Amino acid sequence: MIVPPLVGWLLLIAFGKRLAEPTSGYVASGMILLSFVMAVLGFAGTMGLAEGKQWHVQLWEFLPFIGGEGKSLHMGFALDQLSSLMTLIITGIGFLIHVFAIGYMHGDSGFSRFFAYLNFFIAFMLVLVLADSLPILFIGWEGVGVASFLLIGFWYKDFNNSNAARKAFIVNRVGDAFLMLGMFLLFKEFGTLNLHELRESFGSINVPLVGQVTKNVVAFGAPGLELACIFLLLGAAGKSAQLPLSTWLPDAMAGPTPVSALIHAATMVTAGVYLVARNSELFAHAPVASSWVAWVGALTAVYGAVSAIAQTDIKKILAYSTVSQLGFMFVAVGCGAYWVGIFHVLTHAFFKALLFLSSGSVIHALEGEQDVRKMGGLRGALPTTHAVSLIGTLAIMGVPLLSGFFSKDAILESALKSPFFDGSKDAVGSINILLFAVMVIVATMTAAYMWRWYVLVFSGEYRGNAHPHESGAVMTLPLMILAVLSVIGGWIGLPHFLGKNANLIEPFLEKVSANAKGMTELKGIVEFIPLICSIIAVIAGYFIANYFYRRDGARIMAEVPNGFGTASRNALFLDKVYDFVLGNPSRVAAVFFGIVDKSGVQGGAQLLGEQVSEAGSSLSFWQSGFARGYGVSVLIGTVALIAFLIVRGFA
Amino acid sequence: MNWVLNAFIFLPLVAALLSLAVPKAARGKFAVFAGIANLAIGVYIWLSGIAFDKFSTVIDWLPGLGVKYAVSTDGVSLLLSLVTALMVPIGLYYLTSRDDGKLSAFYPLALAMETGILGIFAARDLILFYVFFEGTLIPSLFLLGRYGRAARVQALTTMALYTVFGGLLMLVSIIGTKLLSGSPTFLLEDLLRGVRQIPEWQQVWLFLGFLVAFAVKTPLFPMHAWLPEFHGQNHPSGVADLMGTLYKVGGYGLFRFALPLFPDVANNYQWIWMLLAAFTAIYGAWIAFAQTDFKRLLAYSGISHMGLVALGVFSLHPAGSSGAILLLAFQGIYSSALFLVVGMLERRFIVLEGGDESKEKALDRALEIGRVRGLAASAPAFAGVALLLWFASIGVPGLAGFIGEYSILLGAYQANPWIAAIAVTTVIASAAFALTAYQKTWYEEATHSVADLSRREWTVLVPIVALVVLFGVYSAPALELVKPVVAQLYGIVLEAKK
Amino acid sequence: MVETSYYIALAGILFSIGAVGFLMRRSVIQMFLCVELMLNSANLVLVAFARAWGNLEAQTAVFIILTLAAAEVAIGLAIIVAIFRKRVSTNVDELSSLKG
């Protein structure tokens, strides 16, 4: 499954220049299609796999003495329910985005290079989800980081783009460093990094009783496990742009729009969620770390939503929205509802890819304009784009029966039910309610800023001066497919009250993920509270956005800057704070150390050298250059030696 | 006695002497040919299987003193030797493209250095090791003194002072070890037998002697001051830097001699050595961030790598130790290649620095990071290769640098989590300086337009890139070489712990 | 048979002449000859003791020294000629450019 995109990448890197423009796009897309077919076959295969079973291949030795009991860690891949679902998302959506990009990148001088990078990305993303051990996962993890670096900096001639690329990579590396620490600690505690073996360390697969410390965990040291999970969380936060490592994602919008859709919305950024879900067994036994996951997610969701509200760049609104939605997913996995997190990954992939591609279509139509203040009224000019965008917007807002509704509802429900806080099996805890309330507010804000996005772009009157035109079929067809998926994608995870077998995805995923069994059971009317709240949130958000933004264009252009708006536009100044607290001091320190090293350490050596050579030169008169002088020295020396021997006696 | 290994060690030296008889114009080709022939011998040894003992030679050298000529090889020695034997012809081949008629002494000196380095890896007698260890210094000093830049004499003095000082301390320690252990010879195996009887406080001093010598050559903080000068002042082609990179054998010395001889000391004061190494790693990476000269940047990045190598050795964990050897071997490939890349850049930039200034000033400016930007537009293939090498150097998985770095850090974490956490920050710092330098050179608005890789440059870089990727993904052959040796060493360490 | 002490005395006299000559003379050639004189006085001592002890090893040593001395003379003279060609002088006091 990994091979076709790799082959595509190699082909395009090697022969990219010789291929005519659309050909390389077809080659790349074809390779992804091939992968997709394999992914479907794999998925069909895993449907029948029993609980705790997986398809597993082990190849050659890769890392020395890291496989447990003195053995080497092998390069190996495994396919189970969770990873096969992820491969479907990656290759399926990846294929649609490839096709879209053929139209979008038309005429760019780096056409082949672009598709080479995209294939490279897909290959490593597949490595990430198919890895059978954490180090192999890490290959994919950093590989997609590299791909992201290359693609954000795709138009490298622009200073800002290359800066954004570098920032993305470095911030990701901060997360990676924590992920490494997490792996090291897990190795120390468990003696293996193989995902399956880690899972098996806890005995049979559905054993966890959260809240009680099981015997195994004591043996492995529960605080160690908590710490390892927190390290993993920070690692995941880097890739998934969670606080405090969230600042790179909005900048990453410097890349071409298909990249934003593929990497920075649908696939790569969800790797963090995948990581937590993949290690669900560990997190289920680490209630403290899990609650951290949830709160990091909640705070990030708030942060993203607040920042999204006053942005003026069409893609940055979506970027902050992605940050916020990733926060939702973290809340889900942090609450122990691992299938819900992956479910939201799936639906989010549909509608966010759709929204990004639509905005790509808009940008394409407006010849590169990205400022929403110069848009509006595009409903008429871009009918298809408008229609699919409306569907996407409604889906992410959480309008009932669309995909976002079901997954968001499930997340809200899991926040209430989570056993990691003060809730018990029968009663909902107060912290659960607090978390739930926060998430409802964020859901309201989501509805508000997305409707604002829609209003500013598509309704009202056109405020720019380009000549918008609808894109060709190669671009609109993927949009339509994604729109359909955004509508129906949620139907595989219907809530329980609609019937016991209505939910398809939960039993499928629970074969591989832990099931936090201490979940509160919601009874009677309480069961409908999340549902009702989420519907109220949609309606409230809609009216708020309408109240503020459904006005004439002039008012929008002259939006009065107030405190909240400025803070939001600058994403709560997080960038500046980081630069001030971390960036500048470390730059200064680097220069300072450089000087110390040069004058101190090296200067010290210099001084030593001078002292030594001074001492030497004081004796240099001896070497007068007169041969007879040396002769005298020899004579004196001989006499002195003989005299010494005589005095001491010859024996 | 088996002639194969001896031929492998001494063929370059013989070739160096013979090349003096070859006309100057053909000397480069002759040297490259000799290097390739030597690599072939190395590959023959490799292919002839895991029983490397059959290549050993032990004969009396100075019988009165108990000094023997003892050479042998095993997986670790062979891996490092192969890297050396591979990189020397590649470097010399690149050098032939820059031969302006004045480089005729470069080839024999480089070949002589190769013999010295191969001898270091093969020596199993401590005096013989010392002879190779210090003997290699002579050609390297000549290379610097003859082909270096304006301030070379100062750099040369600094380097000679450090290394000779460290080397003498090691010699004292070697002699002391023999005397105190009551061993009849200087053979490593004889010394290993007797060394446990030495009282611990004496062991500490002997260990410190070795440590200082290897810390100079590694280099470890605070003995590193000579390295930036060495690289900064060497021949701009980068070939001399390549030889220098291969000569950073301190990590190997620690692994081969210091640890097995004094496992108790290494163990009892482990945190001190680890802290020193971890600090070197982060210190080097941090300073590299503020460098403005390509070569000094690479020098500090090398210091950072070597800190990690030492960390792996001192971790006394099998994963860490094998990681150290793998990182040492692979960085010999990609760090050397980065020096060649700088050489290729310099060649393009020096043309741009016209005017009536002195040659030295022009060279200074040609090596300044960020003077010429946006090269990816005019030289895309060059940009791609350079990026790949940089990524290998900062340990991106899938490339050769990762295997060593990851294993080292994992091993170090098992020994001491806090120090390992310090070292892990290197991962971030190295990404920061490497990408910043890369961006300033290759990305951004193009200030100049330069030629893409020439055919000869392709020939130089393709095998390097292929190996970096191959070993990054398929590391099994290298592991096979390293693992048994590490397991043996780990046995010694475990025994000492009891 | 002549007593060994006479040989030793002769050798001592020869050595003293050589040593004094080396220190007093300025011409390189003359100094060179004085060095040879000292060398040969040492040879004489070797031969004398070899005869006294009836030991052949010292005799062989003398032969080796003689051959080495011949080689050394050849090189030494060549150097002197080279210096003379360059400096047009054999005065050692003028040859002090190697001063430290």
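A residue counts as buried if 20 or more other C-beta atoms lie within 10 Å of its own, as exposed if 12 or fewer do, and as partly exposed in between, with C-beta atoms placed from the backbone. The model is predicted: local features need pLDDT of at least 70, side-chain atom pairs count only at pLDDT 80 or more, and totals for chains, interfaces and linings use all residues. Residues are numbered from 1 along each chain as its sequence is written, while chains are lettered from A and ligands numbered from 1 in the order in which they are written.

**View 1. A positive phi at A:Ala241.**
A:Ala241 is not a glycine, yet its phi is positive, about 55 degrees. A:Ala241 sits in the loop between α9 (222-239) and α10 (248-251) of chain A. Helices here are DSSP runs of H or I with at least four residues, strands are runs of E with at least two, and both are numbered from the N terminus. A:Ala241 has 29 other C-beta atoms within 10 Å, so it is buried.

**View 2. A positive phi at B:Leu316.**
B:Leu316, also not a glycine, has a positive phi of about 55 degrees. Its place is the loop between α15 (294-314) and α16 of chain B. B:Leu316 counts as buried because 25 other C-beta atoms lie within 10 Å.

The bond from B:Thr218 to B:Pro219 is cis. Its omega is near -10 degrees. B:Pro219 belongs to the loop between α9 (200-217) and α10 (226-233) of chain B.

**View 3. The strand pair of β1 and β2 in chain A.**
Strand β1 (residues 55-63) of chain A pairs with β2(A) in the antiparallel sense, over six bridges. Two strands pair if DSSP finds at least two bridges between them. A:Leu63 stands opposite A:Leu73 of β2(A). Strand β2 (residues 73-79) of chain A has five of its seven residues buried, so it is largely enclosed by the rest of the structure.

**View 4. Helix α3 of chain A.**
Helix α3 of chain A covers residues 81-104. Its 24 residues should span 34 Å at 1.5 Å a residue, and the end C-alpha atoms are 34 Å apart, which agrees. The expected span is 1.5 Å times one less than the number of residues. Of the 24 residues of α3(A), 23 are buried, so the helix is largely enclosed by the rest of the structure.

**View 5. The surroundings of A:Leu435.**
A:Leu435 lies in helix α20 (residues 430-458) of chain A. With 26 C-beta neighbours inside 10 Å, A:Leu435 counts as buried. Leaving aside neighbours within four places in sequence, A:Leu435 is in contact with A:Ala294, A:Ala298 and A:Ala415. Contact means that two C-beta atoms, placed from the backbone, lie within 7 Å. A:Leu435 and A:Leu299 are 136 residues apart in sequence, but 9.9 Å apart in space, C-alpha to C-alpha.

**View 6. The bend in helix α21 of chain B.**
Helix α21 (residues 455-473) of chain B has 19 residues. From first to last C-alpha it reaches 27 Å, close to the 27 Å expected at 1.5 Å a residue. α21(B) bends by about 30 degrees at B:Leu461. The bend is the angle between axes fitted to the seven residues ending at a residue and the seven starting there. A proline, B:Pro463, follows within four residues. Among the buried residues of α21(B) are B:Val460, B:Leu461 and B:Ile464.

**View 7. The side of chain B that touches chain A.**
Here 50 residues of chain B are in contact with 42 residues of chain A. On this side of chain B, α7 (152-181), α14 (270-289), α16 (318-352), α19 (400-415), α20 (417-442) and α22 (476-497) each supply at least two residues. The largest share, 11 residues, comes from α20(B). By type, the residues on this side of chain B divide into 34 nonpolar, 13 polar and three charged. Nonpolar covers Ala, Val, Leu, Ile, Met, Phe, Trp, Tyr, Cys and Pro; charged covers Asp, Glu, Lys and Arg; the others, Gly among them, are polar.

**View 8. The helices of chain C.**
Chain C has three helices and zero strands. Along the sequence the pattern is α-α-α. The C-alpha trace of chain C spans about 50 × 25 × 25 Å along its principal axes. Of its 100 residues, 10% count as buried.
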